[in-house]
Amino acid sequence: MTGKMSLQDAALAIVRQLREHGHQALWAGGCVRDMLLNRPPQDIDIATDATPERIVSLFRKTRKVGMQFGVVLVRQGPYWIEVATFRQDINYTDGRRPEQVLFTTAEEDAKRRDFTINGLFYDPLEDRVIDYVGGREDLAAGVVRAIGNPAERFAEDHLRMLRAVRFAARFGFRLDPSTAEAIREHAHQLTRISPERIREELEKMLSHPTRARAVEQMAELGLMPFLWAGAAWPAERVRMAGAVLAQLPADADFVLGMAALLHDASPAEVEAVGRALRCSNREIDDMAWLVSRQGCLARTQDLALADFKRLAAHPQFKKLMILHKAVCTAYGRPLDGYEAAERLIRRIPADQIAPPPLVTGDDLIGLGLSPGPAFKTILDTLYTAQLNNQLRSRDEAMNRLGEILRQAGQGREAL
Ligand code: ATP
Ligand code: MG
């Protein structure tokens with residue numbers, strides 16, 4: 001039974017249960033916006049006048065996630081749905097995040113939300129939108145507008161500046177002029193929010209097909225220099241980053257998005273940015289590898305077969321091809337190298353890209369050599385020859401090893 005239940009059915013059942021017990025209960029925020037835009041909502045949040053304790057008592061399976069903020073997860077069929085008590089954030093005069101909230105009315109709850117398009121409620125039993133903030137009009141006009149006084153709202157929570165850009169880019173909306181003005185004024189305060197939260201917003205922007213627009217808009221609003229310490233974004237660099245991002249396929253991920261954004265950076269800069277944004281070591285390595293190697297494919301024809309195979313064996317090679325093509329296209333450069341790489345990939349059998357080595361360290365140890373720098377050089381030389389199709393069997397490889405060792409021996413005697 002539960003397998004067939006839709007998210008809507010589940011969210012409707014929760015509203016019905018709360019109503020039957022005398023409470024107000026409405027769908028709230030992003031899901032209402034998405035429905036009015038004819039986009040399937042990712043999740044449905046419910047807002048109610050029932051207190052957290054009351055919510056917990058009315059449902060069989062619940063999980064308290066933020067009781068002090070009035071948030072309870074309610075299990076309905078296969079879904080966990082967020083049910084939150086109408087609340088008002090109490091902000092301290094020194095601008096810290098609210099530590100306490102006040103349970104209040106639907107109208108006040110709408111007003112503490114960030115943008116008018118995010119401040120709508122929907123009554124699913126009566127099929128009625130409830131709008132205390134002018135959100136419906138702004139949705140129809142395609143405008144992202146802060147609820148209340150924009151400067152105050154951005155001073156309360158600086159992350160809202162990035163959220164404004166994200167929603168505007170995602171929906172192709174423009175920013176209301178006074179909202180945009182307030183962002184320009186407060187842009188420098190981005191440095192006061194945690195790198196983790198910045199990264200999260202950046203990841204959402206760069207993972208979305210509208211990523212180029214998001215970056216252009218951050219630049220227009222003066223946000224780019226404050227995303228991480230030491231960020232330098234002259235107009236031309238922004239323009240080219242946008243042009244490369246615009247060439248990525250719709251489903252490109254965060255790592256590829258960051259590599260496109262930083263395509264002209266040095267490996268040291270990529271690493272510094274990755275660290276500043278608290279990216280994982282894996283992500284940083286991948287981003288740095290993509291940025292530092294994408295140019296190699298411009299001269300695929302001149303690469304030794306072994307060097308090409310080493311690139312192609314990398315787990316991020318598919319992304320490297322995509323990034324290289326995007327950079328070439330953005331700069332109006334020819335795609336010869338890209339096409340040559342495509343041909344090579346088709347021609348080289350999959351098991352020849354990174355074949356097991358014909359000669360291993362064990363073989364060397366068997367011949368009485370001990371591990372060290374020379375040892376490693378010998379193995380590299382042999383493997384390179386193998387990748388270049390110069391050694392086709394183990395016998396050939398062992399013969400070559402014999403030659404290398406004889407030459408090395410002569411070298412030593414000559415000394
Ligand atoms: P998405 O589709 O990206 O999840 P969303 O609108 O659902 O978009 P969430 O971050 O999930 O965004 O937040 C849910 C709702 O909570 C928002 O629609 C908004 O009403 C409110 N909200 C979220 N973050 C803030 C914030 N920083 N300041 C004020 N209100 C916020
Ligand atoms: Mg959401």
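A residue is near a molecule if one of its heavy atoms lies within 4 Å of it. This is a predicted model, in which local features need pLDDT of at least 70 and side-chain atom pairs count only at pLDDT 80 or more, while totals for chains, interfaces and linings use all residues. Residues are numbered from 1 along each chain as its sequence is written, chains are lettered from A and ligands numbered from 1 in the order in which they are written, and side-chain values use heavy atoms, with hydrogens and water left out.

**View 1. The shell around ligand 1.** Ligand 1 is surrounded by 14 residues, the closest being Arg33, Asn118, Asp157, Arg160 and Arg170. By class, the shell holds 9 charged, 4 polar and 1 nonpolar residues, where Asp, Glu, Lys and Arg count as charged, Ala, Val, Leu, Ile, Met, Phe, Trp, Tyr, Cys and Pro as nonpolar, and the others, Gly among them, as polar.

**View 2. Polar atoms beside ligand 1 (pairs of N or O atoms within 3.5 Å).** Arg33 places a polar side-chain atom 2.7 Å from an oxygen atom of the ligand, and a polar backbone atom of Asn118 is 2.9 Å from an oxygen atom of ligand 1. For Arg160, a polar side-chain atom lies 2.7 Å from a nitrogen atom of ligand 1.

View 3. The elements giving two or more residues are α2 (30–36) and α7 (160–171), and α7 gives the most, with 5 residues.

Conventions. Polar contact = N/O pair within 3.5 Å; in protein donor to acceptor, adjacent residues only side chain to side chain. Helix = DSSP H or I, 4+ residues; strand = E, 2+ residues; numbered from the N terminus.
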